[in-house]
Amino acid sequence: MQYDVVVIGSGPGGYVSAIRCAQLGLKTAVIEKYNTFGGTCLNVGCIPSKALLDSSEHFHNAAHTFTTHGIELKDLVVNMPQMIARKNDVVAQNTAGITYLFKKNKIDTFEGLGSFVDKNTIKIKKTDGTEEQVTAKNVIIATGSKPTSLPFLPVDKKRIITSTEALNITEVPKHMVVIGGGVIGLELGSVYARLGTKVSVVEFMPSIIGTMDAGLGKELQRVLKKSLGMEFFMNHKVTGASVEGDVVTVTADNAKGEQVKFEADYCIVAVGRTAYTEGLGLENIGIKTEDRGNKIPVNEHLETSVAGVYAIGDVIKGAMLAHKAEDEGVYVAEHIVGQKPHINYNLIPGVVYTWPEVASVGYTEEQLKASGTKYKAGSFPFKASGRAKASMDTDGFVKVLADATTDEILGVHIIGPRAADMIAEAVVAMEFRASAEDIARICHAHPTYTEALKEAAMAATENRAIHI
Ligand SMILES: Cc1cc2nc3c(=O)[nH]c(=O)nc-3n(C[C@H](O)[C@H](O)[C@H](O)COP(=O)(O)OP(=O)(O)OC[C@H]3O[C@@H](n4cnc5c(N)ncnc54)[C@H](O)[C@@H]3O)c2cc1C
């Protein structure tokens with residue numbers, strides 16, 4: 001088989017890239033080692049975690065806020081097997097959607113492990129042991145990532161688990177230890193805390209979601225503690241874990257160097273993800289991964305050191321996010337046909353789907369301070385928003401950071417209801433290099449959460465927010 005493009009991996013990077021290649025008239029094939037398409041994102045990442053977050057949020061609201069709304073429910077129970085079954089159904093719908101899109105775009109698909117024979121030849125090793133080869137003018141590596149493991153903390157996938165197993169627990173645990181206060185740990189921790197599990201987050205750093213604007217992590221920690229009873233053990237260095245029967249014991253050193261022990265039914269290791277290149281045969285074409293993180297180095301066109309071989313998504317540098325992988329997939333397809341695509345890496349939004357949601361784009365206050373940029377900040381609390389009062393979602397705020405001289409928006413940081421959706425307005429504004437005054441003068445529908453962004457922009461412009 002001779003193709004214009006062969007894509008290895010069918011996650012959001014790979015499948016989007018393949019579709020864009022096909023749209024541009026390139027004869028395209030996708031190789032996927034897993035038996036469904038969609039990669040981490042659709043199978044064990046974004047989609048199943050959001051399905052469980054939505055289900056658990058309904059339960060939590062039914063148990064805790066419905067009475068205030070005037071809705072009385074009796075004998076509320078969690079049917080965990082049904083919750084997991086619904087999640088599986090959501091996953092199946094999404095992965096079937098990719099199969100449909102591949103067919104629609106006349107993309108050939110191969111199931112098996114793809115590995116380089118040479119830069120234009122890929123061997124596919126199928127599960128039944130047979131092999132097949134395809135050739136291509138261009139190859140796009142989109143093999144994604146896997147959960148990072150800690151050498152002193154072996155995952156047994158039963159009691160010491162990763163995010164993948166945490167999406168399939170069919171009981172409500174009594175106590176769960178989450179190692180890592182990053183996005184994945186907090187989202188999965190929230191799922192179980194909402195269902196009644198005691199959740200202890202053990203984090204090495206002094207703050208959660210440490211790469212985001214510091215104000216967001218502080219507020220999120222406060223709210224998760226208050227609304228879900230989650231406990232946070234910051235500045236704790238996990239040293240090991242052991243399993244006896246159904247009990248896992250996690251040990252950590254606190255800031256004073258004293259040993260602390262946690263006994264739980266489950267321990268989720270959520271300390272990040274590592275680029276996945278195993279079995280790809282990179283050595284056969286002379287590509288060396290970076291020493292730390294196993295990432296494949298690429299140039300500004302996402303091309304590796306081998307001409308015609310590109311890499312996108314989690315397997316290369318940058319944020320490990322589905323939308324970043326997708327945009328890179330489109331970039332490479334358009335670059336191959338000679339177009340001049342563009343990605344603004346500073347404007348890739350980051351989102352945490354806890355409740356309240358957290359969303360961020362552009363520079364953080366800490367980055368602006370470190371670079372000596374003169375900026376002004378305006379913020380607006382959701383407790384002053386009519387819409388937030390109506391829905392009882394008054395935690396959080398919007399912060400707008402703008403250049404002190406030009407008023408250009410440099411960063412927007414939101415913690416609050418539907419922050420994940422609200423951040424889109426900030427991304428559009430910043431892509432068009434809007435000023436804070438631009439947002440402040442644009443009409444926003446009332447009552448909406450988005451009015452909080454307008455108010456924060458007003459506060460940043462001339463300290464003229466109306467409702468505070
Ligand atoms: C629990 C969880 C929640 C997440 N939530 C979000 C979220 O809400 N929003 C967000 O933006 N991101 C989220 N992410 C991150 C997101 O899933 C990844 O950033 C995204 O999937 C990366 O896409 P990718 O195409 O680079 O790789 P992947 O999605 O990892 O896909 C890579 C594919 O390549 C296949 N593969 C690997 N090697 C080979 C080979 N040699 N031959 C054939 N096939 C191969 C794999 O089987 C896999 O299907 C989440 C991740 C997790 C784990």
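Buried residues have under 20% relative accessible area and exposed ones over 50%, with partly exposed in between (1.4 Å probe, protein chains only). The model shown is predicted, so local features need pLDDT of at least 70 and side-chain atom pairs count only at pLDDT 80 or more, while totals for chains, interfaces and linings use all residues. Residues are numbered from 1 along each chain as its sequence is written, and side-chain values use heavy atoms, with hydrogens and water left out.

View 1. P147 belongs to strand β7, which covers residues 145-147 (helices, H or I of at least four residues, and strands, E of at least two, are DSSP runs numbered from the N terminus). With a relative accessibility of 23%, P147 counts as partly exposed. Apart from residues up to four places away in sequence, P147 touches T162, G272 and R273 (contact: heavy atoms within 4.5 Å). The C-alpha atom of P147 is separated by 6.1 Å from that of T274, a residue 127 residues apart from P147 along the chain.

**View 2. G293 in the loop between β16 and β17.** The loop that holds G293 runs between β16 (273-275) and β17 (309-311). G293 is partly exposed, at 37% relative accessibility. Its contacts, leaving aside neighbours within four places in sequence, are T274 and A275. Between the C-alpha atoms of G293 and Q2 there are 33 Å, and the two residues are 291 residues apart along the chain.

**View 3. E334 in helix α9.** Helix α9 spans residues 322-336 and includes E334. E334 counts as buried, its relative accessibility being 14%. When neighbours within four places in sequence are set aside, E334 is in contact with R20, L24, Q339 and P341.

**View 4. Packing of helices α7 and α8.** Helix α7 (residues 183-195) packs against helix α8 (residues 214-228) at an angle of about 15 degrees, and their axes are 11 Å apart (axes are lines fitted to C-alpha atoms, for helices over the stretch in contact; angles between N-to-C directions run from 0 to 180 degrees). The two helices are therefore roughly parallel (under 35 degrees; over 145 is roughly antiparallel, 65 to 115 roughly perpendicular and the rest oblique). The crossing of α7 past α8 is left-handed (near helix turned anticlockwise from the far one by less than a right angle; right-handed if clockwise). From α7, L186, S190, A193 and R194 make the contact, and from α8, L220, L224 and L228. These contact residues of α7 and α8 divide into five nonpolar, one polar and one charged (Ala, Val, Leu, Ile, Met, Phe, Trp, Tyr, Cys and Pro are nonpolar; Asp, Glu, Lys and Arg are charged; the others, Gly among them, are polar).

**View 5. Packing of helices α3 and α7.** Helix α3 (residues 46-64) crosses α7 at roughly 30 degrees, and the axes come within 8 Å. At that angle α3 is roughly parallel to α7. The crossing of α3 and α7 is left-handed. On the α3 side, S49, K50, L52, L53, S56, E57, F59 and H60 take part, and they meet E187, S190, V191, R194 and L195 of α7. The contact of α3 with α7 comprises five nonpolar, four polar and four charged residues.

**View 6. Salt bridge between R418 and E357.** The side chains of R418 and E357 form a salt bridge with an N to O distance of 3.7 Å (salt bridge: a side-chain nitrogen of Lys or Arg within 4 Å of a carboxyl oxygen of Asp or Glu). R418 sits in the loop between β22 (409-416) and α12 (419-431) and E357 in strand β19 (residues 357-362), so the pair ties together parts 61 residues apart in sequence. R418 is partly exposed at 36% relative accessibility, whereas E357 is buried at 6%.

**View 7. Salt bridge between E408 and R433.** The closest N and O atoms of E408 and R433 are 2.9 Å apart in this salt bridge. E408 is in the loop between β21 (397-403) and β22, and R433 is in the loop between α12 and α13 (436-441); the pair links distant parts of the chain, 25 residues apart. R433 is exposed, with 60% relative accessible area.

View 8. The structure holds 17 salt bridges. In one of them the side chains of E132 and K126 meet at 2.6 Å, N to O. Both partners are partly exposed: E132 has a relative accessible area of 27% and K126 one of 28%. Salt bridges also link E219, R222, K226 and D395 in a network.
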